[in-house]
Amino acid sequence: MLNKVQLIGHLGRDPEQRQTKDGNAVTTLSLATSERWKDQTGQRQERTERHRIVLFNRSAEVAGQYLTKGSRVYLEGRLQTRQWQDQAGQERTTTEIIAERMTMLGNKGAANSATSGSATSDSTPFDDELPF
């Protein structure tokens, strides 16, 4: 079985950071990815998808500290669907990407080397020597 997602996109808003009851960091991102093509008449078309991304532990801390709305980022992770009841008692379902690896690619319109680095949730620690 394989459950793997790879995305490159821009943050649609600033990261939302919080902590679990155990004190572990959790950060939620809204990532926009776009697909561009020409239709049969030669007109350029574009479709944007928005993805809910969840990061944990050190990756969550790094995202909350260094990413802002518009930041460009590469993410690897897995899809997860969960259900819950909202405050009105309605059943809600969401599908989100649990990020296992994150690489900051730089801000839209910024110099190529503006912000880059990577963090993973599990095995590879984040390199604190950022080039900015």
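So, a salt bridge here is a side-chain nitrogen of Lys or Arg within 4 Å of a carboxyl oxygen of Asp or Glu. By that rule, this protein chain has 9 salt bridges.

What you see is a predicted model, where local features need pLDDT of at least 70 and side-chain atom pairs count only at pLDDT 80 or more, while totals for chains, interfaces and linings use all residues. Residues are numbered from 1 along each chain as its sequence is written, and side-chain values use heavy atoms, with hydrogens and water left out.

Okay, the layout. The chain comes to 1 helix and 7 strands. Those are DSSP runs, numbered from the N terminus: H or I for helices, at least four residues, and E for strands, at least two. Read from the N terminus, the order is β-β-β-β-α-β-β-β.

How much of the chain is buried? Of its 132 residues, 34%. Buried means under 20% relative accessible area, exposed means over 50%, and partly exposed is in between, with a 1.4 Å probe and protein chains only. As for contacts, meaning heavy atoms within 4.5 Å, let's take those with a separation of 6 or more: 53% of them join residues 24 or more positions apart.

Now to the inside. A nonpolar core is a set of buried Ala, Val, Leu, Ile, Met, Phe, Trp, Tyr and Cys residues joined through side-chain atoms within 4.5 Å. The largest one has 18 residues, and those with the most contacts inside it include L31, I53 and L75. Elements giving two or more residues to this core are β1, β3 (25-38), β4 (44-56), α1 (57-66), β5 (71-85) and β6 (91-107). β6 gives the most, with 4 residues.

Let's zoom in on L7, in strand β1, residues 5-11. L7 counts as buried because its relative accessibility is 13%. Leaving out residues up to four places away in sequence, L7 touches L31, T33, H51, I53, V73, Y74, L75 and I97. Take H51 from that list: 44 residues from L7 along the chain, yet their C-alpha atoms are separated by 9.3 Å.

Over in β3 there's S30, which is buried at 12% relative accessible area. Beyond its neighbours within four places, S30 is in contact with H10, L11, G12, R13 and H51.

Then the helix. In α1, S59, A60, V62 and A63 are buried. Why are they on the same side of α1? Because they cover an arc of only 165° around the axis, taking the directions from the helix axis to the C-beta atoms.

Back to the charges. Side chains of opposite charge can pair when their charged atoms come close. E16 pairs with R13, the closest N and O atoms being 3.2 Å apart. R47 forms a salt bridge with E35, at 3.3 Å between the closest N and O atoms. R47 lies in strand β4 and E35 in strand β3, so this pair ties together parts that are 12 residues apart in sequence. R47 is partly exposed, at 42% relative accessibility.

What about a pair within the helix? R58 forms a salt bridge with E61, the closest N and O atoms being 3.3 Å apart. Both lie in α1, 3 residues apart, about one turn of the helix. And finally, R52, R82 and E96 are linked in a network of salt bridges.
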